[in-house]
Amino acid sequence: MNKYLLRTVKLISLFLAVLLFSLFLQNYVLCHIDHNKLRIDGFYLEEENTLDVVLTGASEIYTGFSPGLAYEKFGFTSYPYATASLTAGAALTQIKEIERTQNPKLILVEINPFIYPDDSNETNEGSVRNYIDYVPLNKNKVDYIEGLDVEHKEEYYFPLIKYHNSWDDYPGGFKFLGALLQQHFRGYTLLKGYKSNIGKCGYDEQYLNKALISDDTEADLTPFSEQKLRELLEYCKENNINIVFFRAPHLEREVDYESFCMSNRAGKIINSYGFDFFNFERDPVTMNYTPDLYYNIQHLNAYGSAKFTEYLGEIITGKYNVGKSELTDAQKRGWEEAVDYYHQFYNCCDQKLKEYAGEDPLTLEIEEDLEGIKQIKKYNQSPGN
C-alpha cells in the first residue's frame, strides 16, 4: 500500500512541477513580451486600493499621461491601464478589472476604441491579444474570451499554445524578459506604465486643429462600437462608477475629419447617460499645441505629454476633487522613485534629441525595457547631469 501511495505522490509531484514550469514559461519566457505586457503586468503589481486615478484606452493614454509627473505636481497616484489598439469590446472588461483590483476615486476613459471607421480592429488578433493575453485568469477574462468570435479559444486561455515557438524572439527578447523579472523583484514599474518618444512632427502639413474648436459636426459610430459604448455606459451608471470620458488631443488633417466627427457623436451619447465628456480635440488649449509637441499625428511626445499631464491633472484635482494620496512611508518611497525616474527619462529624451537631430524620430523610442533603462542611465550619468 505504501508503495502505491509513494508512486501516487511522485506522480502528483511531477504533474505539479510540470504545471508550475509551464506557467513560468507561459508568463515569462514563451510568450509575446513587449511594452503592453510590461504595463498590464505592472498594473497588477500595484498594491490593491492604492491608485487614486486609473486611465484606460489605447496608446494615447500611456504616451500622453505620466503618472510620475502627476504625482509630483498634484500628489495623486495613477496608472495607464491601456494597450496599443485596444478594442471597443475590451473596454468593459477593463473597467471590471480596475474595480476588481483597485478602488480609484476616478476612472478616465479615452474613447479611441469606439471611433474606428470600421470594426476590423475588433477581429485583429494582435489588438485583442495586446490586452487579454496579459490579464490574470478570472471570471472577467473568461467572460471576455467566451464573447470572442474566434476559433481555438483555448489559445487565449493558455497563450503558451500560441507562443510555444517564441524561442525565435531571443536573444533580443531578453530586454523585455529582464525588465519583466526586474519589476517583479522590485514590486512595481519605474515609469508606472508610461512610454514615450522624442520625435517631433513638422509644420509642413495643413492641420485643421484651430478650425475645429467650434465644429460640432457629427458622424455615426459603427453599430458594433455604439453598442459596446452603450453597454459600458449602462454598466457604469448601474454600478455608480465615478468615471469620466475624454478624447485625447491629436493633429487633425482632412483624412482624420470623420473620426473627429465620430468623437462629437460619442460625446453626445456619453452626455445622454449623465457622464462628463472632455473633447480635447476641441479644447482651445490643447488644440493650440504645436506640431513639435507630437511624435506623430496621433501621439504626444515627451514634451507634449508633460504639458497634457499637467493640464489633465488640473482638471482631475480641480473639478473632481482628487486630493493627495494617503500612503505609507514605503509606498511614498516607491512613488518618489517614480518621480525621480521620470525626470531621468525626460532628461534622456532631451539629450538624445539634441544628439540625434534629424534622425528618424521613430528610431528614438524609449521604454522601460532593459535597453531603455540602459539608455536612461547613460544619459543621466554623463558630465553635467
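These are my notebook entries on a predicted model of one protein chain.

**Entry 1: the whole chain**

I began with the overall counts. The secondary structure of the chain comes to 15 helices and nine strands. The chain has 385 residues, and buried residues make up 55% of them. I then looked up contacts between residues with a separation of 6 or more, and 84% of these join residues 24 or more positions apart.

**Entry 2: helix α6**

I went to helix α6, which runs over residues 125–132. Which of its residues are buried? I noted Ser127, Val128, Arg129, Asn130, Tyr131 and Ile132. That is six of the eight residues of α6, so this helix is largely enclosed by the rest of the structure.

I checked the start of α6 as well. There a side-chain oxygen of Asn124 comes to within 2.9 Å of the backbone nitrogen of Gly126.

Then I took Ser127 by itself. Its relative accessibility is 6%, and the cut-off for buried is under 20%, so Ser127 counts as buried. Leaving out residues up to four places away in sequence, I found that Ser127 touches Ser85, Thr87 and Asn121. With Asn121 there is a polar contact, side chain to side chain, at 2.6 Å.

**Entry 3: Ser85**

Ser85 came up as a neighbour of Ser127, and I looked it up next. Ser85 sits in the loop between β2 (78–82) and α5. Its phi is near 55 degrees, which is a positive value in a residue other than glycine. Is Ser85 buried, partly exposed or exposed? The relative accessible area is 30%, so I wrote down partly exposed.

The N-terminal end of α7 is capped by Asn138, with a side-chain oxygen 2.8 Å from the backbone nitrogen of Asn140.

In the loop between α7 and α8 I found His152. His152 is not a glycine, yet it has a positive phi of about 55 degrees. With a relative accessible area of 46%, His152 is partly exposed.

**Entry 4: Leu180**

I picked Leu180, in helix α10 (residues 174–186). Its relative accessible area is 0%, so Leu180 is buried. I compared its position with that of Asp41. Leu180 and Asp41 are 139 residues apart in sequence, but their C-alpha atoms are 8.1 Å apart in space.

**Entry 5: α11 and α12**

Next I looked at a pair of helices, α11 (residues 223–238) and α12 (residues 257–272). They pack at an angle of about 30 degrees, with their axes 10 Å apart. Angles under 35 degrees count as roughly parallel, so α11 is roughly parallel to α12. Their crossing is right-handed. From α11, the residues Glu226, Leu229, Arg230 and Leu233 meet Arg265, Ala266, Ile269 and Ile270 of α12.

**Entry 6: α4 and α13**

The second pair was α4 (residues 67–74) and α13 (residues 302–319), whose axes are 10 Å apart. At what angle do α4 and α13 pack? I noted about 50 degrees, and α4 and α13 are therefore oblique to each other. This crossing is right-handed. On the α4 side the contact is made by Leu69, Ala70, Lys73 and Phe74. On the α13 side I listed Ala306, Thr309, Glu310, Gly313, Glu314 and Thr317.

I also looked up Lys319, found in α13. Lys319 has a relative accessible area of 48%, so it is partly exposed. Not counting residues up to four places away in sequence, Lys319 touches Asp276, Phe278 and Glu314.

**Entry 7: helix α15**

My last stop was α15, residues 370–380. Its buried residues are Gly372, Ile373, Gln375, Ile376 and Tyr379. They take up an arc of only 160 degrees around the axis, which puts them on the same side of α15. Asp369 caps the N-terminal end of α15, and I noted a side-chain oxygen of Asp369 3.1 Å from the backbone nitrogen of Glu371.

Terms used: Residues numbered from 1 in each chain as written. Predicted model: local features only at pLDDT ≥ 70, side-chain atom pairs only at ≥ 80, totals over all residues. Heavy atoms only, no water. Buried < 20%, exposed > 50% of the residue type's maximum accessible area, 1.4 Å probe, protein only. Helix = DSSP H or I, 4+ residues; strand = E, 2+ residues; numbered from the N terminus. Arc of directions from axis to C-beta. Polar contact = N/O pair within 3.5 Å; in protein donor to acceptor, adjacent residues only side chain to side chain. Axes fitted to C-alpha atoms, helices over the stretch in contact; angles between N-to-C directions. Parallel < 35°, antiparallel > 145°, perpendicular 65-115°, else oblique. Left-handed = near helix turned anticlockwise from the far one by under 90°. Contact = heavy atoms within 4.5 Å.
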